[in-house]
Each structure stands twice: as C-alpha cells, then as structure tokens.
Amino acid sequence: MAISVFDLFSIGIGPSSSHTVGPMRAARMFTEGLRERGRLEDVTRLHAQLFGSLGATGHGHGSDKAVLLGLEGERPESVDTASVPERVAAIRDAKRLRLLGEHEIEFIEDTDLVMHRRKALPLHPNGMTFVAYAGDGSVLAERTYYSIGGGFVLDQTAAEGPAIVADTTPVRYPFRTGAELLGHCAETGLDIAGVMLANELSWRTEAEIRAGLLEIWQVMQDCVTRGCHTPGVLPGGLKVPRRASALYDKLMAGEDATDPLSIMDWVHVFALAVNEENASGGRVVTAPTNGAAGIIPAVLHYYVRFVPGADDDGVVHFLLTAAAIGVVLKETGSISGAEVGCQGEVGSACAMAAAALTAVRGGSPDQVENAAEIGLEHHLGLTCDPVGGLVQIPCIERNAVGSTKALTASRMALRGDGTHVVSLDKAIKTMRETGADMHTKYKETARGGLALNVIEC
C-alpha cells in the first residue's frame, strides 16, 4: 500500500476532512460513476443517507452542504468557499440539483438527504449511501462509501479488504511501521525525508514534488494570514469569538515583548488562525485532517520565523518528514476522530509536527521517531467531543495546545540520543486499542464529554 505526501496534505475546505471533504468527494464519485456508465441523464431522483458520526454531527460539520455541492460536481480543493452559502441556499430554495452541473433533477432535502443520528454502517462510523432512481422508480445505481479520515474515501467494493483502497504503485522503500522506516534509514544512510522523497519519485519528478510542497506551504501561509486579519464571531450558533486577529494585533504591537515565552504566543496565533478559518468553512490544508489542521502549519511557521537558517529546502524537508510519520499513523493506526477519538487527529498531527521539527533542526532518524512517539503518547485517550457538533469547542484550542506539545516533544527528543523505551509503533498500537475501547459517545458524536456538559448558547 503506497500513500503519497499529497494524500496526507491536500488542499480542501473546512470544517472537517472526514465530514466535509470526504462526503463531497464521495458524492462526486457517485455522480461521476453514473456518467461513466451513461446513466446520468436517466436519473430522475437521488436519495442520500448519512450514518454514524456523519449523521450525528453532520449538520454542524457541513456534511449536508458538502453532499449537495459534491453531487453538483464540486471538488474540495477547487470549490469557491465564498460562494458556498449562496450556492446551497439556491439549491434549497429551488429544490433542484444539477448533477455534475449537467443534468437537473428535483431534490427535496428533507426527504432526499437523510441524516441518521443513531444508525451506523458496519465498516466505519462515517458511512454514507447514495441511490439513483429512473423515472419508473427502478434503481439505476446504489453505492456505499466510507469517509475514513483525512479526506480519504473508501468505496464499498473494498468493504471486506483493507482500510484504504490500495495504491499498487511500487515504491523504492515500502514501509508501514516506524521500525521499517528506521530500517530503511539504517540500510541506506538516508534520513526519513530522503526515504519519503525516494518513494514520491514513483509518482512525480523531484521538481514537481518540490513545487507541489511549496504550493501546500503557500496555502498554509495564506490561511494563517486570513485568520490573523479576520475578526468577528464564528458561524454555527455557539457565538464563539475569533481570537487570532486580536492576539496577532497585540503581538505585532509588541505587547509583552520582553516575555521569554512570547514565542509560544506566536505558535498559538498561527494554530488559532488556521482552525478559525477551518471552522468558518474556509480554504485549509488537510494536515492530516481538518480538525487538526492548525498544528503542522503552526509548527512550520515557528520553524520559518524563529529557527536560524530556515529556507524553502527546510520546508520541503519538514513536510516530507511529517508525511512519512503520517504514513505510519495512517497504515497502522488511525487519523479519524470518529474511529479513535481526537487522539487520532490532534495526536497524529502533533506526532507529525514534532518529528518534522526535529528533522529540520538536525535530529537523527532515531530522534525524529522519538519525537513522534512523545507527541502521540501524550495525547493517548483524548476524546472527540465537539460541542454542538461544531469544530470549535474544544477543537480550536486543542490545536494551539497540540502545537506547543509538538515543540516540547521535539526539544525533549533533541536533548536525548534517540534511545527510548516506548517506540512509535507501540504508541500507535496503544492508540488503536484505546480507540477500540473508547465508548462511541466520545468519538465525534457530540453525545459525550464537553459536548454533553457545556450548555449550547
């Protein structure tokens, strides 16, 4: 199974990779399948059902809007985020959909898009089913998809197989575990980024990889800039104020400039800016999920702004290293909050960021792996309990805290020699087992934890 850096870092739309990006991709996949079979023009009615976590918190995560736009042919990486409210309102007012922008049908959302709050499909908590009907009522196509985290979508045809539909592209140094990754480093003399780069060359040239990663970095920077210059209140009804803008203004004005920990405030503002943009449905980079999208950009901004000698080569090195750790997490653990709780989202992003920062600061492969383990270990057991089903409380603050944890993990690893008792693989195994034991109400259903104990405004 081969996973690319561009699978783990993809440009998308907030507020959730599993609840917004995945359903939009799945809805488009379904309508594209109809067109490929020459049946798109025969559709007179389309019925969609969302199950499990998608049904429980889909409204707060924008899953309903994502499905509508996906059926009309939009992609998460290119949809005009500013036009989404108007587009969705027009669909609802007219009660009409244009499948792939080509074929118009009646679509009454109250009956044609069902959100099951208590029903789940067997393979994964984020399941959805689409059915297309002909004019005589016969079924033209029926398909089930699973949004398994990070924007990855699993087609029902792989329901009895692996967690992700396998990419059969051969790579030079295949790995699934941290031990295998370190083994390649020891055998070849390459660092972790070097191993990942060698594998990426199976799909793209080195120039294309570099350009693509710098584009990802630019989108991250643009997201932070928007977040730092957009005051106001987040949508959704909780009346959560945006804090990044005010904090950014204070830092720019030099307030508390003599505070030896003021750098941490910068890390916080970077993370807050991204996740406030995500919560408002803006353009973000899935890294590796939207719910945890602020951590890697925040730590990367820290590297560029505060680490002497930082440059574009370092940015590419950072993202390749983070992606290699992300591959191990995705292959042997989970990055889905609906599957294992927030330990799989914020914990994974923290591990990736800690490893990447350690690498660009000169850490050995063993130190990089140690940093990733520390970052993940200290998020074990973290639940996913979004208040009101919105990616706002506690999600935004968790990204800020997760960013500073990544810095701490990196510093601890760099002060050691890379030897440690708990390996990254053992920490990931523990995360997976903890997620399996975790009650469903703590896994992105908004039925437990803070979601239950905080009164919605």
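This is a predicted model: local features need pLDDT of at least 70, side-chain atom pairs count only at pLDDT 80 or more; totals for chains, interfaces and linings use all residues.
**Exercise 1.** Find where the largest pocket sits relative to domain 1 (13-155) and domain 2 (178-442), and explain why.

*Solution.* Start with the space itself: the largest pocket holds about 440 Å³. Next, look at its centre, where Gly 14, Pro 15, Lys 65, Ser 280 and Gly 281 are the closest of the 25 lining residues. Now bring in the domains: domain 1 (13-155) and domain 2 (178-442) both give residues to the lining, so the pocket lies between them.

**Exercise 2.** Describe the lining of the largest pocket by helix and by residue class.

*Solution.* First, go through the helices: α2 (17-36), α3 (52-61), α4 (63-71) and α5 (84-94) each supply at least two lining residues. Then sort the lining by class, which gives 13 nonpolar, 11 polar and 1 charged.

**Exercise 3.** Work out how many cavities of 30 Å³ or more the whole structure has, and describe the lining of the largest cavity.

*Solution.* Begin with the search, which finds 4 cavities of 30 Å³ or more. The largest cavity has a volume of about 150 Å³. Around it are 18 lining residues, and Gly 291, Glu 345, Cys 384, Val 391 and Cys 395 lie nearest its centre. The elements giving two or more residues to this lining are α2 and α17 (395-415). By class, the lining of the largest cavity divides into 9 nonpolar, 5 polar and 4 charged residues. Finally, check the domains: domain 1 (13-155) and domain 2 (178-442) each provide at least three residues of this lining.

Note on methods: Residues are numbered from 1 along each chain as its sequence is written. Side-chain values use heavy atoms; hydrogens and water are left out. On a 1 Å grid over the protein atoms alone, a cavity is a set of points where a 1.4 Å probe fits but cannot get out, and a pocket is an open set with protein on both sides within 12 Å along at least five of seven lines; lining residues have an atom within 4 Å of a point. Grid points are joined across faces, edges and corners, and a volume is the space filled by probe spheres set on the points. Helices (H or I, at least four residues) and strands (E, at least two) are DSSP runs, numbered from the N terminus. Ala, Val, Leu, Ile, Met, Phe, Trp, Tyr, Cys and Pro count as nonpolar, Asp, Glu, Lys and Arg as charged, and the others, Gly among them, as polar. Domain bounds come from an automatic or database domain assignment.
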